[in-house]
Amino acid sequence: CPGLRARPGSGVRAGAGTAARVLTGSIAGTGEGAPSSSRVFVVRRDQDIYIQTLRKLFNESHGIFMGLQRSEEELAGKSRKAQLVQVSKNYRSVIRACMEDMHQAAVSTRDPALQGQYSTQVSILSAMELIWNLCEILFVEAAAAGPLLLRLLDWVRLHVCDVDSMVREVLSSESPSKHKLFWNVVDVFVLQGRMDEARHLLSKEASANPTSMNMYKILDDLMKKMPVPSLGNTQTLTELELKWQHWHEECQRYLQDGTFASNPHMESICKILLGDEDAILEKKELMTTWYHFLVTRLLYSHPTVKPLELRFYAQSSMDLFLGGESSPEPLDMILMAAFEFEMHQVIKECSIVLSNWWFVAHLTDLLDHCKLLQSHNLYFGSNMREFLLLEYASGLFSHHSLWQLGVDYFDHCPEYGRVYLELHIERIPLSTEQKALKVLRICEQRQMHEQVRSICKIMAMKALRNNRLGSALSWSIRAKDAAFATLISDRFLKDYCERGCFSDLDLIDNLGPSMLLSDRLTFLGKYREFHRLYGEKRFPEAARLLLTLMTAHIAPCSFWMTLLTDALPLLEQKEVIFSAEQTYELMRCLEDLTAGNPDQQKFQDDDVETTKVEMLRLALARNLARVIVKEGTVEGS
């Protein structure tokens, strides 16, 4: 990519044409005659998202994108345009910051392969900023005749031919005007319209060569008086054209009079001021690119060029500059499409050439907010903006952390964004509970109920496989999965029977309304409440709850013996806990259990179970006798 002017001290610089070659290489594959290989290639979508130094580009541009979506659409006219231009500049500043980081990484690494990769990325980022800046001038700002040339001059000065090092070398020498690069620097300043700097250097030539003082003063006066467009409304285009015509005629007169004939360098500068194409093309090596030549040509031959006239000057400038010696590179074709105001062609070419969707997605979104792409719908339904944003966001979802940015991009795709988000979010590997909760929160905020259930079921199953019953129960409750909650409740009860105590008491104690999800979960919660009441010595309440669990038939039959066994300590209390009616209910439950058990013979042969039954019958009979005596005594008194 052309050399670029970075912030002072950044040291960022890319060679002319590098980006063009890089862009060409990014789409080049192996030729037909390439030897076959038995190697296996791992194909990744949007490989650039895995480059660590590009993370800043993705993260910071996300904030700019979101700000643009939330911006006040009511702003109109100049206010809205100024807002959009500022957004565009913000995007460019992120590209430049990322480019400088990449350059520093290239300088600091000792690995030649890495250094090559970083240098390539610097060139690609430089090309991206070059294209974006031109699109900003032509499409976003839509600069009119006059200011348009000033913007293009700034564009050239920023991106093309960084001469600062050359200037420092010349000025730091003992005799600047004698330096071999002196006239090169003067020519570059003139070619870029930097007249004050060119005049400053020429003053050193006049001081060193008094014989050229007269020529210097005339040339200095011509450069000083050169009419240039203004950003304000201080003069009309007609006034500018009249001033420029008079100035042009004055330059022509001095050239024809042979004023500069004795100094070829000054004569060459005068010819450039007159817009002589041959004289400008002689400085081809200093300009390095056809678009620098274009802007210089416009500056000295047509300073009031209108936007729609650019296409003609651009095409002829490229033809003259290349001269049939080389064919245009992909970068040249993209810039030419911009000069021709073919926005869709710019986006198409960038989509083909660049290695990721970041550039085209954000540029298209910005142009869409400028109301420049409203009429262009793709044949398969979605508009261009949404299509490119969907592709970019899909690439982000393949990264372990950048997928969170992709969610917001999908949110701002009104037609297919929701569908894409549902499909992609189900493929996120839920490696930790923290990540699962993050994904779950995103789904809940968007009322994606099916995905919420799916995530909860997956996490519940993982927790169950790892024997983390509390976590499994919590996830199944969030999923509102009654069958799975029943399964986990059974595991809790089984563990209780084996160990004699409950795990995850905090969770079970605070089930609240969630226990109504399934009968088994309700039983688990209520059974734990029975133990809590018993522990607090609230025996009458514990007895009523225990009897309710038996008679309501929400307890599994296999657990009835455990419940009846839990009644034994209450039956043996000094104070009568169970009433006669409650005691009869317990007796009925015991008889139902022993009589209705399909394995009755096996049940009778089990000495432990037989002993439990006998103890229960004895305790129930004793309790009934005590109750009858107590209730009869109360009635008699």
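Where is the place of Q447 in the chain? Q447 lies in the loop between α22 (433–445) and α23 (449–465), where helices (H or I, at least four residues) and strands (E, at least two) are DSSP runs numbered from the N terminus. The model is a predicted one, in which local features need pLDDT of at least 70, side-chain atom pairs count only at pLDDT 80 or more, and totals for chains, interfaces and linings use all residues. Residues are numbered from 1 along each chain as its sequence is written, and side-chain values use heavy atoms, with hydrogens and water left out.

The protein chain contains 32 helices and zero strands. Of its 637 residues, 50% count as buried; buried means under 20% relative accessible area, exposed over 50%, and partly exposed in between (1.4 Å probe, protein chains only). The chain exposes about 31100 Å², of which carbon and sulfur atoms supply 52%; accessible areas come from the Shrake-Rupley method with a 1.4 Å probe, and for residues only the protein chains shown count as cover. Among contacts (heavy atoms within 4.5 Å) with a separation of 6 or more, 66% are between residues 24 or more positions apart.

Helix α4 (residues 112–140) has 29 residues and should span 42 Å at 1.5 Å a residue; the end C-alpha atoms are 40 Å apart, which agrees. The expected span is 1.5 Å times one less than the number of residues. Because 21 of the 29 residues of α4 are buried, this helix is largely enclosed by the rest of the structure. At the start of α4, a side-chain oxygen of D111 reaches to within 3.0 Å of the backbone nitrogen of A113. R96, found in helix α3 (residues 77–108), is buried, with a relative accessible area of 7%. The side chains of R96 and E129 are joined by a polar contact of 2.6 Å. A polar contact is a pair of N or O atoms within 3.5 Å; within protein, one must be able to donate a hydrogen and the other to accept it, and residues adjacent in sequence count only if both atoms are side-chain atoms.

A142 follows α4 and lies in the loop between α4 and α5 (147–159). Phi of A142 is near 50°, although the residue is not glycine, and A142 is partly exposed at 38% relative accessible area. Q447, likewise not a glycine, has a positive phi of about 50° and is partly exposed, with 49% relative accessibility.

The structure holds 20 aromatic pairs. Rings of Phe, Tyr and Trp (its six-membered ring) pair if their centres lie within 6.5 Å; planes under 30 degrees apart count as stacked, over 60 as edge-to-face and the rest as tilted. F182 and W183 form an edge-to-face pair, 5.1 Å centre to centre with 85° between the planes. F182 is buried at 0% relative accessible area, and W183 is buried at 12%. W357 and F387 are also edge-to-face, at 6.3 Å centre to centre and 85° between the planes. This pair links distant parts of the chain, 30 residues apart: W357 is in the loop between α17 (343–353) and α18 (358–369), and F387 is in helix α19 (residues 384–396). W357 is partly exposed at 21%, as is F387 at 26%. Ring pairs also link F58, F65, Y392 and Y409 into a cluster.

The charged end of K284 sits over the ring of F321, 5.1 Å from its centre. This assignment requires NZ of Lys or CZ of Arg within 6 Å of the ring centre and within 35 degrees of the ring normal.
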